[in-house]
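Please open the structure in a viewer and keep the selection tool at hand.

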Amino acid sequence: MKVKVDPERCQGHTLCAMRAPDVFELDDVDGHSSPVSEDVPPGQEAAVQEAVRSCPERAISVS
């Protein structure tokens, strides 16, 4: 599974990092999110799916 965050849509709500802290990192300045790696670590798939559902801007996608 791969995860991406659309930087144009992300508004820095930080919900993804709360749901999957090992997968998403937050910018120190504005809180915008990016994946630590595009490849989701084993065992983190459910947390990433929860992050996708929790993003109010729908900025996260998985494939």
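## First stop: helix α2

Select helix α2, residues 45-54, whose buried residues are A47, V48, A51, V52 and S54. Buried denotes under 20% relative accessible area, exposed over 50%, and partly exposed the range in between, computed with a 1.4 Å probe on protein chains only. Helices (H or I, at least four residues) and strands (E, at least two) are DSSP runs, numbered from the N terminus. The model is predicted: local features need pLDDT of at least 70 and side-chain atom pairs count only at pLDDT 80 or more, while totals for chains, interfaces and linings use all residues. Residues are numbered from 1 along each chain as its sequence is written, and side-chain values use heavy atoms, with hydrogens and water left out.

The buried residues of α2 pack against β1 (3-5), α1 (15-19), β2 (24-26) and β4 (60-62).

Select A17, which is found in helix α1. A17 has a relative accessible area of 14% and is therefore buried. Leaving aside neighbours within four places in sequence, A17 is in contact (heavy atoms within 4.5 Å) with F24 and L26. Next, select V48 together with A17: the two are 31 residues apart in sequence, and their C-alpha atoms are 9.4 Å apart in space.

Move on to S33, in strand β3, residues 33-35. Is S33 buried or exposed? With a relative accessible area of 10%, S33 is buried. Beyond its neighbours within four places in sequence, S33 is in contact with V5, C10, C16, F24, E25 and L26.

Select T14, in the loop between β1 and α1. T14 is not a glycine, yet its phi is positive, at about 70°. The relative accessible area of T14 is 26%, so this residue is partly exposed.

Then select R58, in the loop between α2 and β4. R58 is likewise a residue other than glycine with a positive phi, near 55°.

How many salt bridges does the structure hold? There are three salt bridges, each being a side-chain nitrogen of Lys or Arg within 4 Å of a carboxyl oxygen of Asp or Glu.

Select D39 and K2, which form a salt bridge with their closest N and O atoms 2.4 Å apart. D39 lies in the loop between β3 and α2 and K2 in the segment before β1, so the pair ties together parts that are 37 residues apart in sequence. D39 is partly exposed at 42% relative accessibility, and K2 is partly exposed at 36%.

Select E50 and R19 next; in their salt bridge the closest N and O atoms are 3.7 Å apart. This pair links distant parts of the chain, with E50 in helix α2 and R19 in helix α1, 31 residues apart. E50 is partly exposed, with a relative accessible area of 31%, and R19 is partly exposed, with 35%.

An α-helix has 3.6 residues a turn, so residues three or four places apart point the same way. R53 counts as exposed, at 52% relative accessibility. With R19, E50 and R53 selected together, the tour ends on one network, joined by salt bridges that share partners.
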